[in-house]
Amino acid sequence: MPGALFHQLAVATCPHGGQVTTIPVAPRVTVMGMPVATVGDQFLVAGCAFTVPGPKPQPCVMVRWTTPAARLKIMGMPVVLTPAPSLCISADQIPAGPAVVVNVQPRVTGM
């Protein structure tokens, strides 16, 4: 599925409003001066206020991209494309819904 390349300063949130920060591990390829994100990068979430009944805090702490690029890789790791299915995960490894990509560079696409 073709899509725009997700990069370090692309804006994404968890479904509860927490901000996603991308920490690249292979910053060799850049788009608009920012490293392109791969599945090997860390996608950390800060500011999620999700709680489950009890009330037990269950904030999203990371994002896992479930369907990366099939043909485009950087240092052997598939690139993250948008829109692509993702899961926000809590510290207990419980899925809490998909990440919401708000803004990404529109110039470079991949498959």
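## Cysteines, cores and a patch

C60 is buried, with a relative accessible area of 2%. The model is predicted.

C14 is buried too, at a relative accessible area of 2%. The structure holds 0 disulfides. C14 is in none, and its nearest cysteine sulfur belongs to C48, 3.6 Å away. C60 is also in no disulfide; the sulfur of C48 is again the nearest, at 3.8 Å.

Next, the nonpolar cores. The largest has 16 residues. F6, F43, V45, V63 and W65 have the most contacts inside it. Strands β6 (42-46) and β9 (60-65) each supply at least two residues of this core. β9 gives the most, with 3 residues. Leaving aside residues up to four places away in sequence, V63 touches V20, F43, V45, S86, L87, C88 and A99. A second, separate core has 8 residues, including L5, V31, V36 and L81. In soluble globular proteins, nonpolar side chains tend to be buried together.

Some nonpolar side chains lie at the surface instead. V11, V100 and V102 make a nonpolar surface patch of about 220 Å². V102 is part of strand β14, residues 100-103. Is V102 buried or exposed? V102 is exposed, because its relative accessible area of 55% is over the 50% cut-off.

Conventions:
Residues numbered from 1 in each chain as written. Predicted model: local features only at pLDDT ≥ 70, side-chain atom pairs only at ≥ 80, totals over all residues. Heavy atoms only, no water. Patch = residues over 30% accessible without salt bridge, like charges linked within 9 Å, V, L, I, M, F, W, Y side chains within 5 Å. Areas by Shrake-Rupley, 256 points an atom, 1.4 Å probe, with all protein chains shown as cover. Salt bridge = Lys/Arg side-chain N within 4 Å of Asp/Glu carboxyl O. Helix = DSSP H or I, 4+ residues; strand = E, 2+ residues; numbered from the N terminus. Buried < 20%, exposed > 50% of the residue type's maximum accessible area, 1.4 Å probe, protein only. Disulfide = S-S within 2.5 Å. Core = buried A, V, L, I, M, F, W, Y, C linked by side-chain atoms within 4.5 Å. Contact = heavy atoms within 4.5 Å.
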